[in-house]
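Have a look at the sequence and structure first.

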Amino acid sequence: MSETQIPYKIYLSEDELPKAWYNLRADMKNKPAPLLHPGTLEPMTAGELEAVFCTELVRQELDNDTPFFEIPQEIRDFYKMYRPAPLVRAYCLEKALDTPAKIYYKFEGNNTSGSHKLNSAIAQAYYAKEQGLKGVTTETGAGQWGTALSMACGYLGLDCKVYMVKCSYDQKPFRREVMKVYGASVTPSPSETTNVGRKILAEFPGTTGSLGCAISEAVETAGAEPGYRYVLGSVLNQVMLHQSIIGLEAKAALDKYGVKPDIIIGCAGGGSNLGGLIAPFMGEKLRGEADYRFVAVEPVSCPSLTRGEYRYDFCDTGMVCPLAKMYTLGSSFIPSAGHAGGLRFHGMSPTLSQLYADGYMEAISVQQTSVFAAAEEFARVEGILPAPESSHAILAAVNEAKRCKETGEAKTILFGLTGTGYFDLLAYEKFHNGEMTDTVPTEEAIAQSLARLPKV
């Protein structure tokens, strides 16, 4: 098919919306290691997990063998309000870069939450309601997940309690107000409202918080409130499952035009958007049907894949959650207060960690100022103001396209544009004013945190 026949935006019809989520683990030879009980260090049972998570989500979390899970009709109907999401051919960016590369991005910002997070939020809220629960608790970093869950809970009539990482709570006041519009309560974390919050504040006075801190507070609150369960916006297998709709749609859109990407790029914090984008493509690679190059892009300020260790660690700073085997900087690691708040988790998805350990993925870390420079370059030619998280993927895609110009290779690049940056304008202001810095954790700081990893 000629270049001129591929439109700027490729949309699937409502009838082409995926009817099932894809479970990447079913095609993995080496399965992710099991979650361990924080007290006994034995694999968590379904019954133990159900004290924290919804019953159906526990089933999805533990299933390593079922390739597809049917999407309930009520969730599919909700998806239709903003899905299928467009796959965009970045013609203008290609022209600006004067590259022979062909660049596509899957845009997940066509909803009020401004990101891909709504794909899993509505699923988790739906299963909570089906179980007859009163409400859910959660954490949020940059605020996309908290906003998405607030929307889903508002739609389904559930209560929603959000612990928001303190630096993001201060940097992004409008995000927290959107959460309140949808009926959620929002507490800066760490806080004085929980035992674990008070403990963290005593140990780290003046801390700006972390996702690990906020997770601990949300889990404690869920355990103390009858009729509540905890839900998580990234990292866990169940979230990867729901987010597979991103990759399923992207692959279906590319297949319509006979396009096969050479390189697939995503920003990486806990792993939800990256895992969702690559899922069906990685499945093909695992089954030996096709080959792709996968690149995870993380900030130098929180480099779990590129500088962490593949070990069992707590998912939270308070050490009350199950332990996961993942690439980690240590649950006590407190990242600098960077503006890509959604990429400030100390660990990486166990599923993606296993794939990275097995050599199926690459990982790079990039500096914050370079990320914002790439974000502005993209915004000026493609017309979308990207979220700081997404801009990590943009920077890597731009660099790959520039390499194609140097080598003359016409590679096809696909990256995930996870959301918009309209709630991140204070960060853009700091970039414009020259007040933004690049913080790289010292070897000593990482070593001190890793030294506290549990002995498993």
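Which residues touch the most other members of the largest nonpolar core? They are Trp-21, Tyr-79 and Met-361, in a core of 75 residues. Helix α5 (residues 118-130) is the top contributor to this core, giving eight residues. A nonpolar core here is a set of buried Ala, Val, Leu, Ile, Met, Phe, Trp, Tyr and Cys residues joined through side-chain atoms within 4.5 Å. Buried means under 20% relative accessible area, exposed over 50%, and partly exposed in between (1.4 Å probe, protein chains only). Helices (H or I, at least four residues) and strands (E, at least two) are DSSP runs, numbered from the N terminus.

Some housekeeping: this is a predicted model, where local features need pLDDT of at least 70 and side-chain atom pairs count only at pLDDT 80 or more, while totals for chains, interfaces and linings use all residues. Residues are numbered from 1 along each chain as its sequence is written, and side-chain values use heavy atoms, with hydrogens and water left out.

Back to Tyr-79. Leaving aside residues up to four places away in sequence, Tyr-79 touches Leu-17, Trp-21, Ile-71, Asn-119, Ile-122, His-242 and Ile-245, with contact meaning heavy atoms within 4.5 Å. There's also a second, separate core of 28 residues, including Val-88, Ala-396, Ile-413 and Phe-415.

Now the rings. Those of Phe, Tyr and Trp (its six-membered ring) pair if their centres lie within 6.5 Å; planes under 30 degrees apart count as stacked, over 60 as edge-to-face and the rest as tilted. That rule gives 16 aromatic pairs, and here are two of them:

| Pair | Centre to centre | Angle between planes | Type |
|---|---|---|---|
| Tyr-126 and Tyr-127 | 5.2 Å | 75° | edge-to-face |
| Tyr-327 and Tyr-356 | 5.0 Å | 75° | edge-to-face |

Tyr-126 and Tyr-127 are both buried. Tyr-327 sits in strand β13 (residues 323-328) and Tyr-356 in helix α14 (residues 350-357), so their pair ties together parts that are 29 residues apart in sequence. Tyr-327 counts as buried because its relative accessibility is 13%. Elsewhere, ring pairs join Phe-78, Tyr-79, Tyr-82 and Tyr-155 in a cluster.

Finally, helix α15 (residues 368-382): its 15 residues reach 21 Å from first C-alpha to last, close to the 21 Å expected at 1.5 Å a residue. That expected span is 1.5 Å times one less than the number of residues. Among the buried residues of α15 are Val-371, Phe-372, Ala-375 and Phe-378. Just after α15, Gly-383 has a positive phi of about 80°.
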